[in-house]
Amino acid sequence: MDLRAGFVVILLCLMGLTCADPVKYIDCGSSSGKVTIVDINPCATQPCQLHKGQSYSVNVTFNSAVVSKTSKALVHGVIAGVPIPFPIPIQDGCESGIKCPIQKQEGYCYVNALPVKTEYPAIKLVVEWELKDDNNQDLFCIKFPVQIVN
Ligand SMILES: *[C@@H]1O[C@H](CO)[C@@H](O)[C@H](O)[C@H]1NC(C)=O
């Protein structure tokens with residue numbers, strides 16, 4: 001990339017257009033692991049704007065503190081403090097970029113799709129995403145705000 005192209009990229013990033021920053025998240029009790037990066041694509045601004053009818057990719061990089069044969073994802077949308085189950089197409093973490101059995105002290109990237117249905121209301125909410133191990137403990141539990149838009 002030449003200097004001028006680099007400058008344009010930086011400028012676009014500053015304007016929040018093309019540059020995907022890691023998502024700011026809150027750890028809600030990852031007792032069986034440690035999260036390092038959360039990425040949502042595309043997400044140019046924060047909170048991420050999720051357009052109805054589109055699908056977004058979620059990539060959670062974490063380290064496991066346990067051995068686990070299975071992993072199961074649970075997603076909730078928290079609206080006014082109330083967690084509402086949010087269906088995702090693939091619940092099995094072992095089919096979402098993770099090679100199972102999960103090993104202790106290994107790094108993993110959990111990658112899944114977040115489909116935003118057209119019938120969802122256009123509101124701000126908090127997404128809570130958990131990945132459970134064999135003992136129903138959280139390999140990760142993250143929360144991040146999103147805004148559903150038309
Ligand atoms: C997920 O994020 C990690 C860390 O940024 C990256 O190394 C990996 O390539 C990403 N995976 C996908 C499928 O985007």
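Reading from the N terminus, the elements of the chain run α-β-β-β-β-β-β-β-β-β. That comes to one helix and nine strands. The model is a predicted one, and everything below is computed from it. Of the 150 residues of the chain, 35% count as buried. As for how the chain packs against itself, take the contacts with a separation of 6 or more: residues 24 or more positions apart account for 66% of them. The accessible surface of the chain comes to about 8400 Å², and carbon and sulfur atoms own 59% of that.

A search of the whole structure turns up three disulfides. With the bonded cysteines of the chain numbered in sequence order, the pairing reads 1-6, 2-3, 4-5.

Cysteine 28 and cysteine 141 form a disulfide, with their sulfur atoms 2.1 Å apart. This pair ties together distant parts of the chain, 113 residues apart: cysteine 28 lies in the loop between β1 (26-27) and β2 (33-41), while cysteine 141 belongs to strand β9 (residues 138-149). The torsion about the S-S bond of cysteine 28 and cysteine 141 is about -100 degrees, so this disulfide is left-handed. Its two ends fall into separate burial classes, for which the cut-off is needed: buried means under 20% relative accessible area. Cysteine 141, at 2% relative accessibility, is therefore buried, whereas cysteine 28, with a relative accessible area of 26%, is partly exposed.

Cysteine 43 and cysteine 48 make up another of the disulfides, S to S 2.1 Å. Here the torsion about the S-S bond is about -90 degrees, so the link between cysteine 43 and cysteine 48 is left-handed. Both ends sit under the burial cut-off: cysteine 43 is buried with a relative accessible area of 5%, and cysteine 48 counts as buried at 1% relative accessibility.

The remaining disulfide joins cysteine 94 to cysteine 100, with S to S at 1.9 Å. With -80 degrees about the S-S bond, the link of cysteine 94 and cysteine 100 is left-handed too.

Around it sit Ile37, Asn59, Thr61, Cys109 and Val111. The protein covers 41% of the 360 Å² of accessible area that the ligand has on its own. In terms of secondary structure, β4 (55-64) and β7 (107-115) each supply at least two residues of the shell around the ligand. Sorted by class, this shell has three nonpolar residues, two polar ones and no charged ones. Asparagine 59 takes part through its side chain: an N or O atom there is 2.4 Å from an oxygen atom of the ligand. Cysteine 109, another member of the shell, is partly exposed, with a relative accessible area of 37%.

How values were computed: Residues numbered from 1 in each chain as written. Predicted model: local features only at pLDDT ≥ 70, side-chain atom pairs only at ≥ 80, totals over all residues. Heavy atoms only, no water. Helix = DSSP H or I, 4+ residues; strand = E, 2+ residues; numbered from the N terminus. Buried < 20%, exposed > 50% of the residue type's maximum accessible area, 1.4 Å probe, protein only. Contact = heavy atoms within 4.5 Å. Areas by Shrake-Rupley, 256 points an atom, 1.4 Å probe, with all protein chains shown as cover. Disulfide = S-S within 2.5 Å. Near = heavy atom within 4 Å. Polar contact = N/O pair within 3.5 Å; in protein donor to acceptor, adjacent residues only side chain to side chain. Nonpolar A, V, L, I, M, F, W, Y, C, P; charged D, E, K, R; others polar.
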